[in-house]
Amino acid sequence: MWESEIESVSGRDYGNVVLSSSKHAVKTDGFELRGQSWYVATDIPSDFLVQVGDFNFHLHKYPLLSRSGKMNRVIYESRDPDLTKLGLDDLPGGPDAFELAAKFCYGIAVDLTAANISGLRCAAEYLEMTEDLEEGNLIFKTEAFLSYVVLSSWRDSIVVLKSCEKLSPWAENLQIVRRCSESIAWKACANPKGIRWAYTGKPPKVSSPKWNDKKDSSPSRNQQVPPDWWFEDVSILRIDHFVRVITAIKVKGMRFELIGAAITHYATKWLPGLISEGSGTGDEGSHSSNSNTSSSSTSWKGGLHMIVAGTKDDLPTVQAKDQRMIIESLISIIPQQKDSVSCSFLLRLLRMANMLKVAPALATELEKRVGMQFEQATLADLLIPSYNKSDTMYDVDLVQRLLEHFLVQEQTESSSPSTQSFLDTHLYEGTQRGNGPSAKMRVSRLVDSYLTEVSRDRNLSLTKFQVLAEALPESARTCDDGLYRAVDSYLKAHPTLSEHERKRLCRVMDCQKLSIDACMHAAQNERLPLRVVVQVLFSEQVKISSAIANNSLKDGAESNYQPMVVNRKTLLEATPQSFQEGWATAKKDINTLKFELESVKAKYLELQNDMENLQRQFDKMAKQKQTSSWSSGWKKLSKLTKMSNLEQQDIGPQIPTSSEQTRKTPRRWRNSIS
């Protein structure tokens, strides 16, 4: 990555440190490698064999016991003073680190570099090479090199953090990862004008994540350092270390746009297929990084905990597991601010998340993020294949959920104007989104285009099509031409729909919102139900009439009235013969229905009159039942009087007497009262 081995920091020059110790040392000319075994170049025969991995080290007890507390303890606990063999298979850093530690014990000069310091520091901790045994032991010297040389250098911090990938959990426990992450974060947040150290920079075309093959670029005095100068160097890190660096950068207060751009750069490098075909830069680098990713992850036995989702029945490859881990980690560190990453990137990430079956909670969170920026999406990004057991080619349910999240976000923003103004000022600054109806209009056009594309799928049900088409409010569409194209495309792909289903499908569009061109096409479209064609013709006539009425206000009614008849006649002549015959039949049916309607109205009036008569009779009977008892008594008395009069008529000639006349008068009075 960097050609120079010396880097100037704060006016001091730091290079590789050479460690040596002459105390308690066996005189030797160095180590010799013979096959898989290391031998000390000395006349004294070795008396102690140490096995580390596949390598054997033929050493002497005394130099090791004088520096290593672990060697002392192992030999003491074995109760065997003549112990001649020891296995250290779990030593961090492996044979390379033990070779350097053994050379230090023999007093041989050891070069400390950014490439070997982390392994040697962990090996020294494992061998317990502390100050209790000897002053200036290996732990002290490696720790000093880390603190004063590595952490002050951008280059060395990246190299050391990269080398910690195979040292978990030792590197974590010794705080090497944390300290390197903090150092990288501080330097990444520095003012680009003050950067004087070398960095890789962003190449014009990413070919591989193998950073050792790239040339470094040192900024000159006249060269301006771009804000994204640190992207390429940080992107070589493994995902858990990358997360640690980004988290530390967030704490330092870097702009969320830069953090999002760094995450996008990392994703395009390590996730094959994230960039669409033909757009190039990240795709090749992603494919070439597969081996690098797999090799580093197989040795990962610790580090940052990641969520791994998936069913037991599905046994993905190691590469799929690594990619899923990367996606889940990236979702968790994307800044919460809107527009920190593009909607296109979120949708491509969501496509891979569904394909690799990431944790449902993270997938839902990613869908909500897409819903916040849904008006920025494109049709190509929305065409996400269905990776579940659905019969449809594309995941229509996913787009339905994204649209619901968008509508919820819009409703939330519109219901809280104070919150909206705050977000516009502080969080959404610099975005191109238009709030309110314009965003919904863009989404409506996007949904119509999506419906047109997915309607060609013969397995797409009418219900899914209708639900997605009707999800947006009516105010979101000022013109239904896009929706008409989707309906027509669905009718083409589903010729077996019944008349009822075709009518149900056409209800999703408003014929009054169709343009003149769309109306002309619909009038000749034999796939549409006859009723819809009639509505289209009527809507067209209304539009033409209104247009002529508007023109008549300017040019006069007489000169503009005749074209209305011509246009109407032309419109009817352009109608297919089958529709003209159907229109004649429809007229007869309409007349028959009118006659039947009049008959029903007449019967209804008769029934209404009968009901009123019955109601009056019922009211009269109710009044009679409510009369008082004294009136019923008078009625009974009048009946008795009538009976007595009849008896008198039967006895003799009816000669009215004065007493009878006096009796008749009150009877008439009583009758009148009753």
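Helices (H or I, at least four residues) and strands (E, at least two) are DSSP runs, numbered from the N terminus. By that count the protein has 29 helices and 9 strands. This is a predicted model, in which local features need pLDDT of at least 70, side-chain atom pairs count only at pLDDT 80 or more, and totals for chains, interfaces and linings use all residues. Residues are numbered from 1 along each chain as its sequence is written, and side-chain values use heavy atoms, with hydrogens and water left out.

**Overall build**

Of the 674 residues in the protein, 46% are buried. Buried means under 20% relative accessible area, exposed over 50%, and partly exposed in between (1.4 Å probe, protein chains only). Contact means heavy atoms within 4.5 Å. Take the contacts between residues at least 6 apart in sequence: 70% of them join residues at least 24 apart.

**A loop asparagine**

Asn 137 sits in the loop between α4 (117–127) and α5 (138–150). Its relative accessibility is 1%, so Asn 137 counts as buried. Leaving aside residues up to four places away in sequence, Asn 137 touches Arg 67, Phe 104, Met 129, Thr 130 and Glu 131.

**Cysteines**

A disulfide is a pair of cysteine sulfur atoms within 2.5 Å. The structure holds 0 of them. Cys 122 is in no disulfide; the nearest cysteine sulfur belongs to Cys 164, 6.5 Å away. Cys 122 counts as buried because its relative accessibility is 0%. Cys 479 is likewise in no disulfide, and the nearest cysteine sulfur, that of Cys 519, is 9.1 Å away. Cys 479 has 35% relative accessibility and therefore counts as partly exposed.

**Backbone exceptions**

Most residues other than glycine have a negative phi, and most peptide bonds are trans. Ser 168 and Pro 169 are joined by a cis peptide bond, with omega about 0°. Pro 169 lies in the loop between α6 (154–163) and α7 (170–173).

Gln 175 is not glycine, yet its phi is positive, near 65°. Its place is in the loop between α7 and α8 (176–188). Asp 339 also has a positive phi, near 65°, in a residue other than glycine. Asp 339 is found in the loop between α14 (318–333) and α15 (343–356).

The table sets out the accessibility of these two residues.

| Residue | Relative accessibility | Class |
|---|---|---|
| Gln 175 | 32% | partly exposed |
| Asp 339 | 18% | buried |

**A helix pair**

How do α21 and α23 cross? The axes of α21 (residues 462–469) and α23 (residues 499–506) come within 10 Å and cross at roughly 20°. That makes α21 roughly parallel to α23. Axes are lines fitted to C-alpha atoms, for helices over the stretch in contact, and angles run from 0 to 180 degrees between N-to-C directions. Angles under 35 degrees count as roughly parallel, over 145 as roughly antiparallel, 65 to 115 as roughly perpendicular and the rest as oblique.

The crossing of α21 past α23 is left-handed. Left-handed means that the near helix is turned anticlockwise from the far one by less than a right angle; clockwise is right-handed.

On the α21 side, the contact is made by Leu 462, Thr 463, Phe 465 and Gln 466; on the α23 side, by Glu 501, Arg 504 and Leu 505. These residues divide into 3 nonpolar, 2 polar and 2 charged. Here Ala, Val, Leu, Ile, Met, Phe, Trp, Tyr, Cys and Pro count as nonpolar, Asp, Glu, Lys and Arg as charged, and the others, Gly among them, as polar.
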